[in-house]
Amino acid sequence: MADGRGQMRHRVGLRLWLSAGWLTLLCLAALLAPWISPKDPLAQDLFLGRLPPFWMEGAEPGYWLGTDSLGRDVLSRILHGARVAMTVALVAGTVTCLIGAALGLLAGVLHGWVDIVISRLIDIWMAFPPVLFSILLIAVIGPGLGAIILAIVVIDWTRFARVVRAEAMAQAAMDYVASAQVAGRGRLGTMLVEILPNVLPMIVVLLTLEMGIAVIVEAILSFVNLSISTDDPTWGGMIAEGRTSVHQAWWVLVFPLITLFLTVLSFSQLGEGLKDRFDPVLR
Amino acid sequence: MRNLSARVRGAPGRLLRDVSLSVAAGEVRGLVGESGAGKSMIGKAVLGILPRAVEVLSGEILLDGTDLLRLAPDDRRRRIGASCALIPQDPLTALNPSRRIGPQITDRLVDILGWSRTKAQSRARDLLAEVQITDPDRVLRQYPHELSGGMRQRVLIASAFAAEPKLIVADEPTTALDVTVQKEVLRLIAGMQARHGTALLFVTHDLGVVSKVCQSLTVLYGGLVVEDTAVRDFFPAPAHPYARALLAATPKYTDPGSSLVPVPRQVLDGIQAQVDAADRGWRHG
């Protein structure tokens, strides 16, 4: 009995620490990219094209993960790509969360016409196919970091609004809300003091999921060349380039892919781990 | 409360049909009736927490001579917060799971009555001690999920008496509890009520409970008051046929062989006629 619980806690802890560790590492890489990158991520050298990673025959010292067909260092490009990926994840995720959760909370607690307007807006919004919608948006406002973030916010706020609304409604029907209202709490107080803390664990899980989704969306847009306009390396762009030479140099495709995969996985596991650890009802 | 009528918005029938009842200071009034008779609805109306879909058609709710229904929403909220309280049915959902017990008791004292945090804190400690919680300081710092159902109900009772309210509505406070805990909680509520001299509206469907705690009694059927009397007159000789049938339907533990007695058909028909008569007057008026 005690052993089982001990293992359970341990596993939960491990998940949280592994994902948080990977994301911290990425954030550091993004912040320190110009100083820790072994090479210039943009420097081309056609004599050093398609060098394999360090453990294979024909590798050059200093090019740990090999080079792409233009002779650019893969590791340096991944580190620099983390800058765009992490910026998009944190900024787009947070802004989406704030807007979506606020609207969802209002709709869930206030009922009436506020709820009707917001709910119908969500329904209409969700009828648009998201990828096409984002490509259209970028086409209209032009590529760039701000445009990607805006596209994600504009498309994904419904994710939060929908779930938070439903949860807020469920909480608002609980007896403790009625008790608080008898005790003289107004609508705003009810919303912020009574209901918000109980919806918060769910918002945190959604937020981390959304950050993972933001990373994927950024990669998709880079993949179809609609991301940022400069030559700055992005993971999606690297995957797109690596795809064309996968038979000659698989590492150009595989390393950014693994990084992307681990990042998205870490974001979702971070949310689950945080919920298990801090939700007072589950604890 | 005088001639209170209410209905679901847009629905043809009424939920409450000209209900009048009063609770004097220091009095415990039982409010009994079947499911759907409108007992809880009355409690909610008094406390200003009627569901949105329910509208009050007519009547007044007087608290010390002020009609609560005529006050602006904000004034009503403060007025009710200062002088009314609720002991809810289900202690498991009646405390906010993500806040500590302390602030949940003291919030009202600080926000509505303008007390200082420290004063409210010591008041909460005294109250918890009064409901026989052994370590009040620890409980104040705990979260609801750390307490048992009986403990939470004690906390809720303490919380209801925190602001020395004039009126407390207890909405089936023992229904969700274990039978062994029920008795204790009843005694606790009755004791607190007597000490603090509060008016208590006790909503229940258990006549046995009424006979133990209440001084007067209102019987509801279909949102209509069918009997309004003192408890000591009611049990020997209920006036209304429905009340008589209800009393006869109470299972008797002294005679385990007896089967349950349903309320007879003609009594229900009679009462339905009474409900219809009340509605006829309402439609034409």
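This is a predicted model. I begin in chain B, with strand S10. From S10(B), the residues B:Ser216, B:Thr218 and B:Leu220 point one way, and B:Leu217, B:Val219 and B:Tyr221 point the other way. Are these residues buried or exposed? All of them are buried, on both faces. The strand covers residues 216-221, and since six of its six residues are buried, S10(B) is largely enclosed by the rest of the structure. The cut-off behind that word is 20 or more other C-beta atoms within 10 Å.

Which strands pair with S10(B)? One is strand S3 of chain B, residues 28-32, which pairs with S10(B) in the parallel sense over four bridges. Another is strand S11 of chain B, residues 224-230, where the pairing is antiparallel and runs over six bridges. B:Val219 takes part in both pairings: B:Val219 is the bridge partner of B:Val32, and B:Val219 also stands opposite B:Glu227 in S11(B). S10(B) and S11(B) form a hairpin with two residues between the strands, and in that hairpin B:Gly222 takes a positive phi near 55°.

B:Asp18 has a positive phi of about 50°, although B:Asp18 is not a glycine. B:Asp18 is found in strand S2 of chain B, residues 16-19. Because 19 other C-beta atoms lie within 10 Å, B:Asp18 counts as partly exposed; the threshold for buried is 20. The second case is B:Glu164, again not a glycine, with a positive phi of about 45°. Where does B:Glu164 lie? It lies in the loop between helix H6 (149-161) and strand S8 (167-171) of chain B. B:Glu164 has 14 other C-beta atoms within 10 Å, so B:Glu164 is partly exposed.

Next is a residue with contacts in both chains. B:Cys84 is found in strand S7 of chain B, residues 84-87. B:Cys84 counts as buried because it has 24 C-beta neighbours inside 10 Å. Leaving aside neighbours within four places in sequence, B:Cys84 is in contact with B:Val46, B:Leu47, B:Pro165 and B:Leu167, and also with A:Val182 from the other chain.

For chain B as a whole, the count is 11 helices and 11 strands. Buried residues make up 40% of its 285 residues. Of the contacts in chain B with a separation of 6 or more, 65% are between residues 24 or more positions apart.

Now chain A. What does its secondary structure come to? Nine helices and zero strands. Its C-alpha atoms fill a box of roughly 80 × 55 × 30 Å, taken along the principal axes. Buried residues make up 42% of the 283 residues in chain A. Among chain A contacts with a separation of 6 or more, residues 24 or more positions apart account for 72%.

One helix in chain A deserves a slide of its own. Helix H5 of chain A, residues 145-172, has 28 residues and reaches 39 Å from its first C-alpha to its last, close to the 40 Å expected at 1.5 Å a residue. H5(A) also has a kink of about 40°, centred on A:Ile155.

On to the chain contact. It takes 16 residues from chain A and 25 residues from chain B. On the side of chain A that touches chain B, the elements that give two or more residues are helix H6 (175-182) and helix H7 (187-223) of chain A. The largest share, six residues, comes from H6(A). By type, the residues on that side divide into eight nonpolar, six polar and two charged.

In soluble globular proteins, nonpolar side chains tend to be buried together. The largest nonpolar core here has 135 residues, and those touching the most other members are A:Val88, A:Ile152, A:Ala214, A:Val215, B:Ile157 and B:Ala158. The largest share of this core, 17 residues, comes from helix H2 of chain A, residues 74-110. Which residues does A:Ile152 touch, not counting residues up to four places away in sequence? They are A:Ala92, A:Thr96, A:Ala214 and A:Val217.

That is where I will stop.

Note on methods
Residues are numbered from 1 along each chain as its sequence is written. Chains are lettered from A and ligands numbered from 1 in the order in which they are written. This is a predicted model: local features need pLDDT of at least 70, side-chain atom pairs count only at pLDDT 80 or more; totals for chains, interfaces and linings use all residues. Two residues are in contact if their C-beta atoms, placed from the backbone, lie within 7 Å. Ala, Val, Leu, Ile, Met, Phe, Trp, Tyr, Cys and Pro count as nonpolar, Asp, Glu, Lys and Arg as charged, and the others, Gly among them, as polar. A residue is buried if 20 or more other C-beta atoms lie within 10 Å of its own, exposed if 12 or fewer, and partly exposed in between; C-beta atoms are placed from the backbone. Two strands pair if DSSP finds at least two bridges between them. A nonpolar core is a set of buried Ala, Val, Leu, Ile, Met, Phe, Trp, Tyr and Cys residues joined through C-beta atoms within 7 Å. The expected span of a helix is 1.5 Å times one less than its number of residues. The bend at a residue is the angle between axes fitted to the seven residues ending there and the seven starting there.
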